[in-house]
Amino acid sequence: MAVPSVMVLPLLIVVAAGIYYLYSEIRQFMSKSLVRNKVVVITDAVSGVGIECAHRFHKGGARLILCGTSWDKLESLYDSLTCDTDPGGTFAPKLVIADFSDMDSMPEVVAEVAECYGCVDVLICNSSMKLKAPVQSVSLELDRNIMDINYFGPSSLAKGVLPTMISRRSGHIVLVNSIQGRLAVPFRSSYAASKHAAQAFFDCLRAEVEEYGIVVSTISHTFIDASAPADKPDPKPNSLALFIASKLTHGVRPSVLANEIVRTVNRKRKEVVLAHPIPRVALYLRSLFPPFLFAVLAAGAKDSALAEQM
């Protein structure tokens with residue numbers, strides 16, 4: 001019996017929806033199985049992105065080592081994770097105090113992380129300190145503090161876990177960086193400099209450790225946006241520079257970034273850019289037509305300065 005032509009499209013939609021559902025379920029199952037029993041370290045686990053990552057990897061059966069600067073917040077996250085999941089299929093997370101602004105404590109942090117399980121399968125460097133200010137108003141002490149948190153901290157921890165990864169000839173290091181590690185915008189000199197340094201370090205590390213079977217990934221995202229879109233002021237009309245500047249700082253949700261981190265670990269992707277079209281275009285302009293981009297950014301900086309004076 002032939003199917004009436006009017007029913008063909010609905011049937012195709014139902015079949016496509018069923019296939020997509022099965023595909024999603026298989027991907028979710030595979031995502032969990034790939035991290036099961038893996039030792040996963042997450043720095044700044046009490047941040048928005050860190051919390052989202054912790055829940056995803058914990059539900060996947062990973063052996064989590066959660067790092068943060070506040071013991072109370074780490075314990076609160078611990079309680080949240082252990083209460084929401086079946087203890088028979090998950091592991092209780094281990095907690096480590098890690099403050100990248102105190103570089104003298106890093107040897108103890110590395111030792112404590114190593115003692116938890118004796119090895120690390122996945123290191124997710126998620127810590128970050130942001131700053132928006134004119135260059136002349138940023139002190140050298142603040143410059144150094146940002147470099148410690150955004151560059152020296154992640155690089156030191158990566159160096160600390162590297163020997164066991166090399167000896168086991170396996171491991172994955174993920175740098176949750178920023179698109180400003182590849183593209184600098186006005187009033188973020190210290191932040192962009194630290195992110196550029198981190199990007200360069202992990203790019204070099206990737207090439208050096210590939211022969212040992214170690215994967216190094218960098219995720220370049222725009223600013224993390226935990227607020228509702230309505231809270232953001234609209235850019236002034238008829239201003240190309242301000243429009244581009246607003247798009248360069250248009251953020252991603254913590255849950256979206258956490259999902260991308262999980263996908264990066266599962267697929268072993270080496271470089272990810274998580275950004276809207278305007279920042280992506282700006283990256284190409286930086287390489288192909290730098291004078292034009294410099295002019296646009298300079299105009300945006302001038303307009304911002306004038307707006308603050310009014």
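Author: Let's start with one word you'll need throughout: contact means heavy atoms within 4.5 Å. Take histidine 58: leaving out residues up to four places away in sequence, histidine 58 touches Leu64, Leu81, Thr82, Thr85, Thr90, Phe91 and Pro93.

Reader: Okay, but what kind of model am I looking at?

Author: A predicted one, in which local features need pLDDT of at least 70 and side-chain atom pairs count only at pLDDT 80 or more, while totals for chains, interfaces and linings use all residues. Residues are numbered from 1 along each chain as its sequence is written, and side-chain values use heavy atoms, with hydrogens and water left out.

Reader: What does the protein chain average in pLDDT?

Author: pLDDT is the predictor's confidence in each residue, from 0 to 100. Here the protein chain averages 84, and 82% of the residues score at least 70. Over residues 228–238, though, the pLDDT is below 50, and that stretch has ten contacts in the model beyond near neighbours in sequence. Residues 305–310 also stay under 50, with one contact beyond four places in sequence. Where pLDDT is low, the predicted coordinates should not be read in detail.

Reader: How many helices and strands does the protein chain have?

Author: Helices (H or I, at least four residues) and strands (E, at least two) are DSSP runs, numbered from the N terminus. For the protein chain, that comes to ten helices and seven strands. Of its 310 residues, 42% count as buried; buried means under 20% relative accessible area, exposed means over 50%, and partly exposed is in between, using a 1.4 Å probe and protein chains only. And among contacts with a separation of 6 or more, 74% are between residues 24 or more positions apart.

Reader: At what angle do α2 and α8 pack?

Author: Two packed helices are described by the angle between their axes and the distance between the axes. The axes are lines fitted to C-alpha atoms, for helices over the stretch in contact, and the angles run from 0 to 180 degrees between N-to-C directions. Helix α2 (residues 48–59) and helix α8 (residues 254–267) pack at about 50 degrees, with axes 8 Å apart. That makes α2 oblique to α8: under 35 degrees is roughly parallel, over 145 roughly antiparallel, 65 to 115 roughly perpendicular, and the rest oblique.

Reader: Which residues in α2 and α8 meet?

Author: From α2, Gly48, Val49, Glu52, Cys53, Arg56 and Phe57 meet Pro254, Ser255, Leu257, Ala258, Asn259, Ile261, Val262 and Val265 in α8. They divide into nine nonpolar, three polar and two charged. Ala, Val, Leu, Ile, Met, Phe, Trp, Tyr, Cys and Pro count as nonpolar, Asp, Glu, Lys and Arg as charged, and the others, Gly among them, as polar.

Reader: How does α2 pack with α3?

Author: α2 and helix α3 (residues 71–84) pack at about 35 degrees, with their axes 10 Å apart. Ile51, Ala54, His55 and His58 in α2 meet Leu77, Ser80, Leu81, Thr82 and Asp84 in α3. This contact has four nonpolar, four polar and one charged residue.

Reader: Is histidine 58 buried or exposed?

Author: Histidine 58 lies in helix α2, and at 1% relative accessibility, histidine 58 counts as buried. Its C-alpha atom is 9.5 Å from that of glycine 89, 31 residues apart along the chain.

Reader: Where is glycine 89 placed?

Author: In the loop between α3 and β3 (94–97). Its relative accessibility is 32%, so glycine 89 counts as partly exposed. Beyond neighbours within four places in sequence, glycine 89 is in contact with Arg36 and Gly61. Glycine 60, in the loop between α2 and β2 (63–68), counts as buried at 0% relative accessibility.

Reader: What is phi for arginine 169?

Author: Most residues other than glycine have a negative phi. Arginine 169 has a positive phi of about 55 degrees although it is not a glycine, and arginine 169 is found in the loop between α5 (140–168) and β5 (171–176). Lysine 268 has a positive phi too, near 55 degrees, and lies in the loop between α8 and β7 (271–274).
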